[in-house]
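Dear colleague,

Please find below the structure that I am handing over to you, with its sequence. My notes on it follow.

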Protein chains: 2
Amino acid sequence: MAPPEITITFEPLGRRSRARRGTTLLAAARQTGVGLRAVCGGSGTCGTCRVRVLEGSVSSPTPAEQEALSDGFRLACQTQALSDVRVDVPPRSVSAPQRAQIESREAAVEIEPTIQAFEVALSPPGGDDLRADASRLCDTLNQHHGLNIERVTPEALRHLPMRLRDESWHVSAIVRQGEVIAVNPVGTTPLGLAVDIGTTKLAVYLVDLDSGETLAASGTMNPQIAYGEDVMTRIAYTMRDEGTATELQAALIAHLNEVTQTLCDEVERDRREIVEAVLVGNTCMHHLALGLPVHTLGVAPYAPVLTDNCDRPARDLGLELAPSAYVHALPNIAGFVGADHVAMLLATDLHQTQGVALALDIGTNTEISLAVGNRLYSCSCASGPAFEGAHIHDGMRAAPGAIERVWLEDMGHDPAAGSNPGSKLDYETIEDAAPVGFCGSGILDAVAVLRRIGVVQANGTLRANGHPRVRGTGRATKYVVVSEGERGAPRDLVVTRSDINEIQLAKAAIRAGVEVLLKEAGIDMEVIEKVIIAGAFGTYLNVASARAIGMFPPLPRERFIQVGNAAGGGAKMALLSHRKREQAAEIAECVTYVELTGDQRFVPLYTEALIFPAI
Amino acid sequence: MAPPEITITFEPLGRRSRARRGTTLLAAARQTGVGLRAVCGGSGTCGTCRVRVLEGSVSSPTPAEQEALSDGFRLACQTQALSDVRVDVPPRSVSAPQRAQIESREAAVEIEPTIQAFEVALSPPGGDDLRADASRLCDTLNQHHGLNIERVTPEALRHLPMRLRDESWHVSAIVRQGEVIAVNPVGTTPLGLAVDIGTTKLAVYLVDLDSGETLAASGTMNPQIAYGEDVMTRIAYTMRDEGTATELQAALIAHLNEVTQTLCDEVERDRREIVEAVLVGNTCMHHLALGLPVHTLGVAPYAPVLTDNCDRPARDLGLELAPSAYVHALPNIAGFVGADHVAMLLATDLHQTQGVALALDIGTNTEISLAVGNRLYSCSCASGPAFEGAHIHDGMRAAPGAIERVWLEDMGHDPAAGSNPGSKLDYETIEDAAPVGFCGSGILDAVAVLRRIGVVQANGTLRANGHPRVRGTGRATKYVVVSEGERGAPRDLVVTRSDINEIQLAKAAIRAGVEVLLKEAGIDMEVIEKVIIAGAFGTYLNVASARAIGMFPPLPRERFIQVGNAAGGGAKMALLSHRKREQAAEIAECVTYVELTGDQRFVPLYTEALIFPAI
């Protein structure tokens, strides 16, 4: 009798593999396109395929493993799954990291630093001059540089006497808001860190605060995914008992410390040179990062604890930067329009736009802002995790092997172009790897194409319509985009009726959000001069597909601009310029926030938007 | 053969006991006047005589001990000393605590609080009003109470949503410097803590910030004594390796947390209601408490790291008070004139004295200030630990059994009164216990009396002069004040030639310090209208004795005022009044500090002051 089939789930990628009981975790990972490193080819000798078993039953550690590992890690190549198993793949074990959009179009920002370094030579104590080290430093800085400094932070004080004497009283003082926060050897420039915490992805930038240059950047998965893919699940997790919120914060901070160390290693700098960080994220990520309770975000009226910007000592959050480093968190607008959206508005200058512009940051929640002259209207809609590949039959995140583009072989990439009912679909995968599933942009394209060729009806049902790749009937109807074996596909990759419905729900929510804002502002859709699409999914999506299925308003293609991770760009701006921080506060202050829950305009518009536009 | 004699030292009292090998620690403690608790009379059943063996060899734990104890504690009644042993006696094991002066004459202080509680009722979120909890609270406080609050501290934020909802949006907001630092149920008054950290003793006061009332007070030993009796030994200890400074800080903070808990228990309050603390201490104690390096205080020119006052989050120091509580440390003047002296000047109003006044705080270091009109001159002199009972043959700290007063039987307490060469000395002990040694005031009296009756010569040598109680010759001469067995004395208690010399060094340093300040100010001794004597030793000493041996200037007795622990009083004032904090800063700022090391005036004055005045 053949062993039964079990499911192996790889976190944080979220990829699932069906395999025979006894399959090694490495084999299962390979089968589903998880790019697990295995330098020795799976012989248990290199130790690169370290994973952690989160749930389920696996084989006992082999002697090779016992020798190589500690801390509960296992070698994926040696470990057999004996039941349904959930496995955590740490970043260092992944050969091809998850694609995360970390680049953005950035407006030039004038550096108006919150942090400055001043070189200063002190006279040593002696004779009648017996001032304390701290007074000596402040007095001399004030005299030589015309400053008005009154205080050296406790952390800087702790190293001050040694540093002054080691450096023969000639040092570089790092000054922040009238305080000396660090005293360094002459010749080092202070570093900053910009952090954008998404529910799924984390973008981190290491920035030279003197030149404004981004020295290194990193896009990784938010490790809190292990506690729930979406915000609501994580909020529920924090309410289990007293320690659980701290657990989520700790997971994030530990990961941030690891990423920071990696970035610093890349450019051979010391993370203790990082004297300032700026943090953005949606309101829930913001609250979790700062250790604020999130349970009020889980129930109407979704009141946040804090919307104002704030400065927190990095060490209070557990971040291992310079001992006196501060974290500046940009302001939130509401429970579901967070600091990341403020950063995006800052980066795209939306608050200073002439005319009418729309900005969307599409994710599990989609934040939408409409700028009309100098007025701003914002809302958030629950667009669900379909665009992250979740709740989609063959969905996956944007990792190697994910189908990210689908088009009609004879028609090119624009689904709005004419089509031949017999046309074959073509596709491309991330890194041209063997296809293993659809990421968000791939499923969006597929739905648009299937609508184009008449397989998807206006109401979302599937009809064979003469297409040989349609299988099943009724709610079980599906379209086979890739057949097992094709370009190495491990199995059929299909779009199901249920997948179409997931996309319908998502796109309707987004479109209805846009329509409510237009009504709130009292303007017509046609006057929108510019539609800014931000975020990772927003960067890779095919605007034509999104327009074709009615997710975006039917405006000319040239009015759409994809700006990449503008939230990260905004965080960097706020890192380099106190004026930008002030602007961010002004943005958060002046926005007219529209809560869609309970808004009487929303439901009819949503219902209407569920229908696919005519072909 | 009788077992050999060994020495058992009881910390932090510093009492030594000579005993036969195999003696129990409890027996040794009793013999030397350490008031170890032993509710069961030493049968090993009550567990009250818990001690910790720091050094040396002792018997193995008995079954009774194994049952009763953990954490390395031993029962003194069950533990036999098998070699020289050093033992730590925790505060809770002491029945009669060390006498520490915690009361002081306090000037009335107008309460000008740094912390205020405001009752406020908020409207809950809903409808169009979706403000964050923090904004809602600040807005309402500002509206209802005319405040200008912009921020809720992170620690207060953490509890804010729950507290607001639990209390139905009607709460008491604790406000400090424009920040909400706690949100409490309506009806509780905020508490404050005043802490005076001496090298030897610690005074802690629990104060109602609303009424200004001292609810409870405590005088205990500084646990850092285990790391060295004086400041220099502790500084040396911190330089051993990186962790040792932290160790000293941790010992202090753990003790402070324990004391605070005890004070709160006494008045049935919660230490999380303590929202502010004020800390004073000599510069080294101040630096150690704040985690600042002290090694520069160990070498000339004794530059402190910090003299300005500072505010530190209590949790950063490890103090377990309200989560957002701050510690305000008063300013230091110099490496050896610390915040405790500033507090004393504040409490005695010396900086606002009309005319000329002198203030002394006598300890291992004696801080001296001279006020001339509104000018202040200060210095510090190394008076040594003789007045703490150290380096004195039968010296001990001011614990039960310590001889604290010595006088001539027929002449009363004033050694300046006439005397009969055949007079017998009389004495009294603390708590009338059997005499076991001399504390500072006792040895001071004894020296003055022996000088009076002609046993002590002007140069400090001892001469029998017909006194039957003088034993030995030359440097080994000593005077037997108490004979073994007298009133239960365990052995002869004597004053040696070497003891006289220790007192000479101490009193000469103090007197020379006073003389240098007079010269610095350009005034004569006679114009001093008031001599303020502060500190525990200063409270108990006999002014007549101190004058007789030349430690104090020969001014009329009525010009001397003993004010008790004025440093603690000053700390309490600063706790209750921000105006007093500003005054403390002004005092520290305006003082003319005179460094005696290297001052050419000092050595000749010191040499002169070594000689005892004519009888």
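**Backbone, chain form and interface**

Glu431(A) lies in the loop between strand 20 (425-429) and strand 21 (437-438) of chain A; helices (H or I, at least four residues) and strands (E, at least two) are DSSP runs numbered from the N terminus. The phi angle of Glu431(A) is near 60 degrees, which is positive although the residue is not glycine. Most residues other than glycine have a negative phi, and most peptide bonds are trans.

This is a predicted model, in which local features need pLDDT of at least 70 and side-chain atom pairs count only at pLDDT 80 or more, whereas totals for chains, interfaces and linings use all residues. Residues are numbered from 1 along each chain as its sequence is written, chains are lettered from A and ligands numbered from 1 in the order in which they are written, and side-chain values use heavy atoms, with hydrogens and water left out.

Two cis peptide bonds deserve mention. In chain A, the bond from Ala300(A) to Pro301(A) is cis, with omega near 5 degrees, and Pro301(A) sits in the loop between helix 7 (283-290) and strand 14 (310-313). In chain B, Ala300(B) and Pro301(B) are joined by a cis peptide bond with omega about 0 degrees; Pro301(B) is in the loop between helix 7 (283-290) and strand 14 of that chain.

As to overall form, chain A has 16 helices and 27 strands. Its C-alpha atoms fill a box of roughly 100 × 70 × 45 Å along the principal axes.

At the interface, 36 residues of chain B are in contact (heavy atoms within 4.5 Å) with 36 residues of chain A. Because 100% of the interface residues of chain B are also interface residues in chain A, the copies meet through the same surface. The buried area is about 2,700 Å², with carbon and sulfur atoms giving 61%; this is the accessible area (1.4 Å probe) that the two parts lose on being put together, summed over both. Leu130(B), Arg158(B) and Val305(B) supply 18% of what chain B buries against chain A, more than any other three residues.

Two salt bridges are found across this interface, a salt bridge being a side-chain nitrogen of Lys or Arg within 4 Å of a carboxyl oxygen of Asp or Glu. Asp316(A) forms a salt bridge with Arg315(B), where the closest N and O atoms are 2.9 Å apart.

With kind regards
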